[in-house]
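Biologist: Before we discuss terms, please show me the model. I would like each label set against its rule.

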Amino acid sequence: MEEKNLSDERQSRLNKLNLWKEKKINPYPNLYKPSSYSIDIKEKFEKEGDKEFPTDIAGRIILLRDFGKAIFATIKDSKGTIQIYARKDILGDEKFEDFKLLDIGDIIGARGDVFRTHKGEITILVKEFKLLAKSLLGLPEKWHGLTDVETRYRQRYLDLIVNDKVKEDFKTRFKIIAYIRNFLNNKGFLEVETPMMQTIPGGATAKPFITHHNALDIDLYLRIAPELFLKRLIVGGFEKVYELNRNFRNEGIDTRHNPEFTMLELYQAYADYNDMIAIFEELMQNLSLEIKGDTKLEYQDKILDFGKWEKIKYVDALKKYANIDVTNIKTIDQAREIASLKGFSDVKDFEGKWSIINRLFEEYVEPHLMEPTIIYEYPAEISPLAKYKEEDYEFVERFEAYVYGREIANAFSELNDPIVQAERFFEQAKKKAEGDEEAMYVDEDYLKALEVGMPPTGGMGIGIDRLVMFFINTNSIRDTILFPTLKTRD
RNA sequence: GAGCCGCUAGCUCAGUCGGUAGAGCAUCACACUUUUAAUGUGAGGGCCCUGGGUUCGAUCCCCAGGCGGCUCACCA
């Protein structure tokens with residue numbers, strides 16, 4: 001037994017738990033199936049002109065008002081809340097005493113007649129009730145709820161119980177994910193699963209998590225992207241595939257980054273980046289119509305139209321927003337010079353011309369891309385898995401979609417020339433050797449797959465968490481992830 | 001990784017120019033058969049994040065650390 005003060009809430013609830021047991025009532029019964037939801041009961045009652053009818057519900061007590069011989073309680077279920085009303089003269093002395101043992105936070109089932117109180121509240125007059133789960137810890141305070149951000153993340157269940165907006169936001173997240181799956185399935189894409197644990201972390205440039213398989217005695221990497229495996233499937237004859245699942249990157253945590261995040265990648269054989277643009281625009285437009293009922297959505301201080309995407313070439317965007325004319329930059333040294341003039345003092349030896357220019361792009365162009373914008377035709381040097389333009393090998397058929405200065409999609413015509421891909425991998429390996437921690441690994445088996453032959457293919461990746469951020473109007477990725485990664489507390 | 005801010009009752013927050021602390025809600029007791037942030041009266045509840053320093057005395061000042069938030073860097 002815990003030596004606790006009598007007014008300790010948990011102790012008082014434990015005492016009540018024992019009282020239930022002494023009454024031979026199981027405080028955690030096995031099964032109870034309610035027939036109705038709060039909202040539906042209220043709707044039916046109003047629709048039928050306030051005609052009383054018997055019903056039953058189950059849910060959590062979130063408010064209690066005790067009047068001695070009558071008690072009002074507010075019950076919350078998954079759809080909303082409804083008031084119930086218990087009277088001593090109706091329940092009888094013994095059952096009413098039982099009712100008095102209930103606490104805020106307890107989950108109960110109740111049966112009775114729906115009526116409207118003098119104050120106009122649609123209410124269930126309780127004839128029978130059953131404790132379904134005793135709550136020993138109670139709930140955060142009813143006025144201000146739970147606002148402590150750390151507790152909200154660590155005990156998300158409390159956040160979900162108390163903060164309706166949070167629950168709505170997560171419903172929105174999972175509606176978005178369900179919609180995307182539907183959208184792609186209807187287009188004939190097949191959802192597939194490829195390894196989360198990979199021997200070579202490929203498909204992106206990022207630091208991986210490393211783990212170890214004991215029986216095989218080998219290190220494995222949590223995937224940073226599924227890309228190379230999905231393209232192996234295209235080689236294998238699947239023509240439209242997608243994977244919507246987690247990636248893992250061992251990098252910093254902030255309002256835009258969580259170590260595990262959700263990514264959509266899709267690949268379509270006999271398609272190119274223009275087809276990807278078409279799919280992207282259709283998806284964004286339909287998704288916002290589905291979720292918001294409008295292509296325009298309010299985000300922070302802006303109205304963003306997901307039905308209207310401005311398109312501008314990468315080099316033209318540099319000219320337009322940063323006044324940089326790349327035709328004047330012919331050599332790495334010229335690029336270094338401009339970067340230096342613009343204040344970049346930390347250019348590394350392994351950085352090539354376009355890698356340096358891309359710094360300028362990120363610094364001076366991206367912040368201007370507030371309205372939904374598609375930037376296309378990227379430099380080949382910074383796109384090691386994308387296919388060059390037929391008439392200009394310096395550029396690739398690639399686009400990125402930006403909203404509010406943030407990248408939300410990256411797509412290209414996939415590089416299927418094994419010789420060129422081998423060269424690109426070799427360049428990456430060289431950068432790695434020169435100190436670029438995030439350069440790609442050479443994946444020999446992937447090259448072998450390309451040598452078997454991959455059809456011309458278009459592919460696209462969309463960061464789901466960041467997309468969700470726009471739909472729930474938040475600045476923090478943690479508001480889109482149910483259980484964000486946090487340090488442990490001792 | 002750097003800077004700034006926060007950490008006080010179960011929750012939301014005050015506060016102590018350095019003398020070991022308060023409110024509302026929650027809890028407990030009593031009253032109350034139509035309340036809905038119910039109300040009224042009374043009560044209990046605190047390693048004031050941790051460790052060290054300064055001091056007669058630290059929750060408060062100083063240093064270090066922990067956890068969290070935001071911004072920046074890296075990235076998606």
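Modeller: A cavity, on a 1 Å grid over the protein atoms alone, is a set of points where a 1.4 Å probe fits but cannot get out. By this rule there is one cavity of 30 Å³ or more. This is a predicted model, in which local features need pLDDT of at least 70, side-chain atom pairs count only at pLDDT 80 or more, and totals for chains, interfaces and linings use all residues. Side-chain values use heavy atoms, with hydrogens and water left out.

Biologist: What is the volume of the largest cavity?

Modeller: The largest cavity has a volume of about 50 Å³, a volume being the space filled by probe spheres set on the points, which are joined across faces, edges and corners.

Biologist: What makes a residue part of the lining?

Modeller: Lining residues have an atom within 4 Å of a point. For the largest cavity they include Pro201, Ile224, Lys432, Glu437 and Tyr441. The lining has eight nonpolar, one polar and three charged residues; Ala, Val, Leu, Ile, Met, Phe, Trp, Tyr, Cys and Pro count as nonpolar, Asp, Glu, Lys and Arg as charged, and the others, Gly among them, as polar.

Biologist: Which domains does chain A have?

Modeller: The assignment gives domain 1 (2–139) and domain 2 (161–309 + 372–480); such bounds come from an automatic or database domain assignment. Their centres, taken over C-alpha atoms, are 48 Å apart.

Biologist: How many residues of domain 1 and domain 2 are in contact?

Modeller: Five residues of domain 1 are in contact (heavy atoms within 4.5 Å) with four of domain 2.

Biologist: Why is the pair Lys76 and Asp164 called a salt bridge?

Modeller: A salt bridge needs a side-chain nitrogen of Lys or Arg within 4 Å of a carboxyl oxygen of Asp or Glu. The closest N and O atoms of Lys76 and Asp164 are 2.7 Å apart, so the pair meets the rule. Across the interface of domain 1 and domain 2, the rule finds one salt bridge.

Conventions: Residues are numbered from 1 along each chain as its sequence is written. Chains are lettered from A and ligands numbered from 1 in the order in which they are written. On a 1 Å grid over the protein atoms alone, a cavity is a set of points where a 1.4 Å probe fits but cannot get out, and a pocket is an open set with protein on both sides within 12 Å along at least five of seven lines; lining residues have an atom within 4 Å of a point.
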